[in-house]
Amino acid sequence: MNDNRLGTSVSPYLRMHADNPVDWREWGPDAFAEARRRDVPVLVSVGYATCHWCHVMARESFADPEVGELLRRDFVAVKVDRQENPDVDASLMAAASAFTQQLGWPLTTFLTPDGHVFFAGTYYPPTPVGQVPAFRQILAAVLDAWTERRHEVDANAAAIATAIRQGAESDAAALVGDGPTGGDPRLPSVDRVRAVTGQLLRSEDTTYGGFGGAPKFPGAPLLEFLGDAAADGDAQAAGLLDRSLAAIRGSELTDADGGVFRYATRRDWSVPHYERMLYDNAGLLAVAGAEQARGIADFLRDTLRREDGAFVAAQDSESTIDGRRVEGEWYRRPLAERALLDPPPLDDQVLTGWNGLAIRGLAIAGARHGDDEMVDLARGAADAVLRAHVRDGHVVVRSSTSRGASVAPPTVEDVGLLAEGLLELALVTGDAGLAVAARSLVDDGVAGRFDVDPVLAAAGTATGEQPQTAVRSGTVALAAAAATLAALTGDDGYRVAATRLVADRAVTGTERPLGHADALGVALALQRPSREVVVVASDPHDPLRDAVRGALRPGTVVARVTPEQASDWSAAGFALFDERASLDPAAFVCHDRVCALPARSVTELAAQTV
């Protein structure tokens, strides 16, 4: 009998396992209540729809009826989509680090009925490979410990839970603090942040570009810090950024259609891991040159964009060719030949945070390169996400597909990344309504209004957002959005909140930049004097508008509006736009809210923005 409960899931990853001979359950209190009733351990298997090794383990083990029977008899089996439940993934990853530093997906964890991890690993093969035991051996060993050495299991689980709880309490204090007008922890100095470039130069692979050896990741958050440092006048950072982007652009990591793969398995950027994630491509848009950004935007438009304008999460590494499921083969074909084959499937989840990252990247790239279509793509995604995932100014949906909305609660990633994306698009388009929506989200985020998963809450193992090298942190994005709002509204509480949110992360970034760089650019901006530039022009082609493209540097906010839009911003409470509608065209340049006389020509503007 197959009681598999995943067939009606919103998640495409969970639906992939609906026909397994495993009695899978979705994550939630019911699964752990069943484990308590039967007094058995809980297997929690975490992955996502475009994960190659998740597919492999599914075919080798979870499709095996005998494995299914073992799991049915001796465990409660739970499937988790990490895209849908990043908080659960983060908590289990934190626990898994006690057992292995080779973390990744699939993530295989064993929990007590109280929700505490007592053993964890990643991919396990059907038969032993070298020092890696077979999955059945792992199941047998776990069951033996559970039945014969329960005291060791309980002690191990308790120790790991205590360590997670202590770390989470520290992170929560940094996020919520004393409210938006609370303390002001010390940020790393400008000199200390600028010194990070030297560390990165020592880590650069001077032969092939990028950092370190294999595998090679695009690392968009790190590259964005280099872009911020370059804009701040750091010539070495500019060179390092250019070389890194050139290595990505000119290697197998960039596909013929412009999309970028998740990572390369070899030091020379060859032999990609072929899945393509929205977050990698969206993050690179913020720093890429015109040609590279255009290729990425084409990929987002042609492959990941839905009809309603939102972007789906990823494209798989595997496709079916000649009746066989194969990895990478579709991508290795010429574009014309690919068009005759079924493409790799998509993870069709629309994730609020990742769409916010795409909105931001497209808006930045569109403004920087004068590409109106990128801005239009950003606007389409913003409209779709606001319509389906936001209600009364609050994010209410993290993930949705054509099958409906997931019940997984929104996280700081969703609130922070969407707020930052909406603000960036508002500044580019002049639409005050987008900024109003972003302000409401930032207020939610600063106040820490997030639901905690009930299982993690009961277990005391909710970790909050964990550092990542591939995706801009939602906490960092929230801080950046708050700093921008401080400039737009004149409310210093937002700047204090921004400082509090990134201070500890930025200090860590100066010590370990390869894995924690995303807070450094925001920290640099907060240490610099603020500068606000508002260009008011009815003519969309007025030269003053183009002249501010190069004015961006850490600590600078640039807005381009019509006189009517300036009035809308002012009426909505954004004090920077007060009394800005009377001159057309004109540019208003303020330093720490002390404004120069209006610039009426490009020459005058250039003199004020040096």
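Colleague: Which residues of helix H10 meet which residues of helix H24?

Modeller: Phe 225, Asp 228 and Ala 229 in H10 meet Leu 520, Gly 521 and Leu 524 in H24, where contact means heavy atoms within 4.5 Å. This is a predicted model, so to speak of a local feature we need pLDDT of at least 70, and side-chain atom pairs count only at pLDDT 80 or more, while totals for chains, interfaces and linings use all residues. Residues are numbered from 1 along each chain as its sequence is written, and side-chain values use heavy atoms, leaving out hydrogens and water. Helices (H or I, at least four residues) and strands (E, at least two) are DSSP runs, numbered from the N terminus.

Colleague: Why is H10 called roughly parallel to H24?

Modeller: H10 (residues 220-231) and H24 (residues 520-527) pack at an angle of about 25°, with their axes 8 Å apart. Angles under 35 degrees count as roughly parallel, over 145 as roughly antiparallel, 65 to 115 as roughly perpendicular and the rest as oblique, so H10 is roughly parallel to H24. The axes are lines fitted to C-alpha atoms, for helices over the stretch in contact, with angles from 0 to 180 degrees between N-to-C directions.

Colleague: What puts the buried residues of helix H2 on the same side?

Modeller: In H2 (residues 29-38), Ala 31, Phe 32, Glu 34 and Ala 35 are buried (under 20% relative accessible area; exposed is over 50%, partly exposed in between, with a 1.4 Å probe and protein chains only). They cover an arc of only 155° around the axis, which puts them on the same side of H2; the arc is that of the directions from the helix axis to the C-beta atoms. The face turned away from that buried side carries the exposed Asp 30 and Arg 37.

Colleague: Why is the pair of Trp 53 and Tyr 123 called tilted?

Modeller: The structure holds 17 aromatic pairs, meaning rings of Phe, Tyr and Trp (its six-membered ring) with centres within 6.5 Å; planes under 30 degrees apart count as stacked, over 60 as edge-to-face and the rest as tilted. Trp 53 and Tyr 123 have their ring centres 5.1 Å apart and their planes at 55°, so the pair is tilted.

Colleague: And what makes the pair of Tyr 274 and Tyr 331 stacked?

Modeller: Their centres lie 5.6 Å apart, with 5° between the planes. Both Tyr 274 and Tyr 331 are buried.
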